[in-house]
Amino acid sequence: MAFTPLDPWLIEDRTYYVVEIDGVIRASGGWSHRAPMIHVPDMDQEQEPPEMEGAASIRAMYTDPAFARRGLGQMLLGFCEMSARLSGHHQLQLIATPVGERLYERCGYTRVGATKLKVPQGVTILVTRMEKVLTAKPEAIRSKAAC
């Protein structure tokens, strides 16, 4: 979890969700209308981050490795997409780690660029910027899974 530290603004905005199984959180993630796309722990927590222009961001997605490949990430992503769409957003963006990239592609996200990201302990990983346009009307989203 060192890569995705708690983002207090997702909690504040009530756009952070968890999947709980037998009383234990097994997946989590959310979406934000605030910049930057990745929470920076050293950022001044007292100063409210600015709102982004245009797209909302999918953020802080995590699945317990013991529960990988069981559909939790896809379910959570679909819920985030529906919530963002019902809040008026028509486009989403995210930063995908190599592990999550396949999930996002299956759910309709397209690659728009790659960059290196320095994470705790000085490790640098290659990540991919991805986007998705939400074209369905809110009623259609409620009646079927988003991806």
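These legends accompany several close-up views of a predicted model.

**View 1**
Welcome to the overview of the predicted model, a protein chain with 4 helices and 6 strands. Reading from the N terminus, the elements follow the pattern α-β-β-β-α-β-α-β-β-α. The chain has 147 residues, and 40% of them are buried. Its accessible surface is about 8,800 Å², with 54% of that belonging to carbon and sulfur atoms.

As a reminder for anyone tracing the backbone, strands of a sheet pair through backbone hydrogen bonds, in either a parallel or an antiparallel sense.

Strand S1 (residues 16-21) and strand S2 (residues 24-32) run antiparallel and are joined by 6 bridges. The hairpin leaves 2 residues between its strands, and Asp 22 in the turn has a positive phi of about 50°.

**View 1. Strand S2 beside strand S3.**
On to the next pairing, where S2 meets strand S3 (residues 56-63) in the antiparallel sense over 5 bridges. A handy landmark is Ser 32, which stands opposite Ser 57 in S3. Also worth a look is Ala 60, found in strand S3, with a phi near 55°, a positive value in a residue other than glycine. For context, most residues other than glycine have a negative phi.

**View 2. The loop between H1 and S1.**
Arg 14 lies in the loop between H1 and S1 and is exposed, with a relative accessible area of 70%. Its phi is near 60°, a positive value in a residue other than glycine. Thr 15 is found in the loop between helix H1 (8-13) and S1, but Thr 15 is buried, with a relative accessible area of 5%. Leaving aside residues up to four places away in sequence, Thr 15 touches Leu 10, Gly 29, Gly 30 and Trp 31.

**View 3. The salt bridge between Asp 64 and Arg 26.**
A search of the whole structure finds 6 salt bridges. One of them joins Asp 64 and Arg 26, whose closest N and O atoms are 2.7 Å apart. Asp 64 lies in the loop between S3 and helix H2 (72-86) and Arg 26 in strand S2, so the pair ties together parts that are 38 residues apart in sequence. Asp 64 is buried, because its relative accessible area of 15% falls under the 20% cut-off.

**View 4. The salt bridge between Lys 132 and Glu 81.**
The side chains of Lys 132 and Glu 81 meet at 3.1 Å, N to O, in a salt bridge. This pair links distant parts of the chain, with Lys 132 in strand S6 (residues 123-133) and Glu 81 in helix H2, 51 residues apart. Both Lys 132 and Glu 81 are buried.

**View 5. Further charged pairs.**
Glu 131 and Arg 129 form a salt bridge, with their closest N and O atoms 3.4 Å apart. Glu 131 is partly exposed, with a relative accessible area of 22%, and Arg 129 is also partly exposed, at 31%. Finally, follow Glu 101, Glu 105 and Arg 111, which are linked in a network of salt bridges.

Terms used
Residues numbered from 1 in each chain as written. Predicted model: local features only at pLDDT ≥ 70, side-chain atom pairs only at ≥ 80, totals over all residues. Heavy atoms only, no water. Pairing = 2+ DSSP bridges. Salt bridge = Lys/Arg side-chain N within 4 Å of Asp/Glu carboxyl O. Buried < 20%, exposed > 50% of the residue type's maximum accessible area, 1.4 Å probe, protein only. Contact = heavy atoms within 4.5 Å. Areas by Shrake-Rupley, 256 points an atom, 1.4 Å probe, with all protein chains shown as cover.
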